[in-house]
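Please open the model in your viewer and keep the selection panel at hand. The stops below proceed from one selection to the next.

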Amino acid sequence: MRMAIKTRVQAYFQSTTSAAPLAVFRIFFGILMLISLIRFAALGWIEKLYLEPSFHFTFYGFAWVKPLGGYTYLLFVLCGLAALMITLGYRYRLAVAVFFCSFTYIELMDKTTYLNHYYFVSVLSFLLFFLPAAAYYSLDARQKQERLVPRWSIDAIKLLLTIVYFYAGLAKLNSDWLLEAKPLSIWLATKEDIPLIGSLLKESWVAYAFSWSGALYDLLIPFLLWYRPTRGLAFVAVVVFHLLTRILFPIGMFPYIMIVSTLIFFGPAVHEKILKVISRLGERLGVKPRFVYRAESVPLPSTPSGDAIATHPFTPKPWRNKLTMGILTCFFVLQMLIPFRYQLYPGELFWTEQGFRFSWRVMLMEKAGYAQFKIVDAESGRQFYVDNSEFLNPFQEKQMAFQPDFILEYAHYLAKVYRGRGMNAPQVYVESYVALNGRGSQPFVDPAVDLAQVEISLKHKNWLLPFYDEIKGL
């Protein structure tokens, strides 16, 4: 039995398939990333989010990552050029490495801007570095088109998408989402101005329908995409779900990224057609076909299942293949474990947010807070309240008011500021109230704790007051 399983595993990792799906994924990924960066700059967010604030919230262990002043614009330009090179498949390994580093640096510059899809882009670009996505239909492959790539290189992207969707579905299996339709009932009620469907969105049954269908969608869609007979219908569901999400909520490019990403589940024939369409567009734009498409309209022989069996396989060196397998194995193990790290902490996850980020918990809570900081001079006894607007912009203050690690970091920053202003032993206390998913506000932080003396770490935040309610589920 073990030998049979081992043989099948070995056969799988030695099998190849058409490189077309990987090429299409690379092209669309690069295009969407380039559009995203241009959009970010055009909206003035570089200056507003990174250059104007005098203080930036940092991720634990990455306090050294800071905006680069005027050079921050060059960082975005570098990231955009890397995205363009990825699209063209020009010096692909270098391009995707530069994109991963620059995009992740941008993401880490201020924790206030954290979004799940930014994290997804960083994780995905890291994965793409190890995949032969420029072996075919790329400028790197002008002289030698690798028509075949290892099957696992395409399945790796499918696996990552499966983890993202499935874990997002698991996170929705909680009492607030399923039994109270929270927070969707709160958000949808504010969308009554949307044409045609606005009046329906105030109905409670609509919120419940959206909540339950959203959970089922996330849990089932990856498996429906893997299964060939249901793939077409599943893709239609993907398009409808993400376009509806885009209409209802301002979440930027994420819906389009997910729609395009799920194309990877389709067989080679679909992607060859997409490449032909791109080639025709290239010809109309005056791009020479030999620099764009070297398939020469010769179809790949295939098995009944649609797997290509043509020549010219991508063949990495054995040592590189082993290293890649080792790195990607660790990568996927971490992706499956990190979302469960919240189990290491006591208390309600939505309240403490310990282990909340990087776990594909998407749009699960409506949280609002109030935080008033008091500075006490331990030597003179003089005390006064801080005007947060002196140090934070409105967006930063809003995010800080209900996130514990923000509150603690800001308290340390205030202590540093007032030490610089001549106060030898500043103590920092906070009066904080937070409302979660429509519940009434309740005290959030122990007002008797001097936060300036609390270490910034990954330890349990025992200075938070307990949540008076219970949210059951994962």
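Begin by selecting the cysteine sulfur atoms: the count of disulfides comes to zero, a disulfide being a pair of cysteine sulfur atoms within 2.5 Å. In general, such a link is a covalent bond between the sulfur atoms of two cysteines. Display cysteine 79 and look for the closest cysteine sulfur, which belongs to cysteine 101; at 10 Å it is too far for a bond. Seen from cysteine 101, the closest cysteine sulfur is that of cysteine 79, again at 10 Å and too far for a bond. Cysteine 79 has 0% relative accessibility and therefore counts as buried; here buried means under 20% relative accessible area, exposed over 50%, and partly exposed in between, with a 1.4 Å probe and protein chains only.

Before moving on, note that this is a predicted model, in which local features need pLDDT of at least 70, side-chain atom pairs count only at pLDDT 80 or more, and totals for chains, interfaces and linings use all residues. Residues are numbered from 1 along each chain as its sequence is written, and side-chain values use heavy atoms, with hydrogens and water left out.

**Confidence**

Colour the chain by pLDDT, the predictor's confidence in each residue, from 0 to 100. The protein chain averages 90, and 92% of the residues score at least 70. Now select residues 289-311, where the pLDDT is below 50; beyond near neighbours in sequence, this stretch has 45 contacts in the model, a contact meaning heavy atoms within 4.5 Å. Where pLDDT is low, the predicted coordinates should not be read in detail.

**The sheet**

Switch to a cartoon view, with helices (H or I, at least four residues) and strands (E, at least two) taken as DSSP runs and numbered from the N terminus. Select the open sheet of four strands, whose order is β4-β3-β5-β6 with antiparallel pairing. Its edge strands are β4 (383-385) and β6, each of which pairs on one side only. Helix α18 (residues 404-420) packs on this sheet and touches β3, β4 and β5; the direction of α18 makes about 155 degrees with that of β5. For that angle, axes are lines fitted to C-alpha atoms, for helices over the stretch in contact, and angles run from 0 to 180 degrees between N-to-C directions.

Which strand pairs with β3 (residues 367-377) over 11 bridges? The partner is β5, in the antiparallel sense; two strands pair if DSSP finds at least two bridges between them. To follow this pairing, select isoleucine 375, whose bridge partner in β5 is valine 428, and then lysine 367, whose partner in β5 is leucine 436. Eight of the 11 residues of β5 are buried, so this strand is largely enclosed by the rest of the structure.

Next, show β5 together with β6, which pair in the antiparallel sense over two bridges. Tyrosine 433 stands opposite proline 443 in β6. The two strands, β5 and β6, form a hairpin with five residues between them, and asparagine 437 in the turn has a positive phi of about 50 degrees.

**Salt bridges**

Aspartate 176 lies in helix α8 (residues 175-179) and arginine 439 in the loop between β5 (426-436) and β6 (442-443), so the pair ties together parts that are 263 residues apart in sequence. A salt bridge is a side-chain nitrogen of Lys or Arg within 4 Å of a carboxyl oxygen of Asp or Glu. Are these two partners buried or exposed? Aspartate 176 is buried at 2% relative accessibility, and arginine 439 is buried at 17%.

The structure holds 12 salt bridges. For another, select lysine 459 and glutamate 455, whose side chains meet at 3.8 Å, N to O. Lysine 459 is exposed at 57% relative accessibility, and glutamate 455 is exposed at 52%. Then select Lys111, Arg357, Asp405 and Glu409, which are linked in a network of salt bridges.

**Final stop**

Centre the view on tyrosine 137, in the loop between α6 (116-129) and β2 (148-150). Tyrosine 137 counts as buried, at 4% relative accessibility.
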